[in-house]
Amino acid sequence: MMTDQWWAPYVFIAIAGWLATDLWRWLGVLAGNRLKEDSEALSWVRAVATALVMAVTAKLIVFPTGSLEASPVWLRVGAATLGFATFLAAGQRVLVGVAAPIIFLAAGLFILGFGA
């Protein structure tokens with residue numbers, strides 16, 4: 001028997017999700033409007049954000065999980081190196097810097113027999 005309040009968990013998830021993310025984003029926007037772009041605080045925030053992204057990237061390269069775990073380390077490091085070089089060569093276009101290593105990694109996995 002289905003209850004009349006099947007929607008209640010979805011409303012709870014939506015509200016909790018909003019409180020956990022959007023509320024803090026708006027507070028960040030309000031606080032960020034008062035910061036100068038060349039301020040030391042904003043430089044520190046950028047440095048920490050960049051360090052966190054690089055730490056996650058390094059973890060994925062060195063200690064991957066899932067199907068990437070079976071790939072050789074040299075292929076993962078090569079894909080990351082190619083991605084960074086392509087990003088710089090393409091005038092720091094993020095899409096090119098993301099697409100190039102994905103294509104390289106997919107081709108390498110296929111050639112090594114990990115695909116199909």
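Ser 39 sits in the loop that joins helix 2 to helix 3 (helices are DSSP runs of H or I with at least four residues, numbered from the N terminus). With a relative accessible area of 16%, Ser 39 is buried (under 20%; exposed is over 50% and partly exposed lies in between, with a 1.4 Å probe and protein chains only). Its side chain reaches the backbone oxygen of Lys 36 at 2.9 Å and the backbone nitrogen of Leu 42 at 3.2 Å. The model is a predicted one, in which local features need pLDDT of at least 70 and side-chain atom pairs pLDDT 80 or more, while totals for chains, interfaces and linings use all residues. Residues are numbered from 1 along each chain as its sequence is written, and side-chain values use heavy atoms, without hydrogens and water.

Turning to charged pairs, a search of the whole structure gives 1 salt bridge (a side-chain nitrogen of Lys or Arg within 4 Å of a carboxyl oxygen of Asp or Glu). Asp 22 and Arg 25 are the partners, and their closest N and O atoms are 3.4 Å apart. Both belong to helix 2 (residues 22-32), 3 residues apart, or about one turn of the helix. Asp 22 is partly exposed at 26% relative accessible area, whereas Arg 25 is exposed at 56%.

Finally, the lining of the largest pocket draws at least two residues from each of helix 3 (40-62), helix 4 (73-89) and helix 5 (94-111) (on a 1 Å grid over the protein atoms alone, a pocket is an open set of points where a 1.4 Å probe fits, with protein on both sides within 12 Å along at least five of seven lines; lining residues have an atom within 4 Å of a point).

Key: A polar contact is a pair of N or O atoms within 3.5 Å; within protein, one must be able to donate a hydrogen and the other to accept it, and residues adjacent in sequence count only if both atoms are side-chain atoms.
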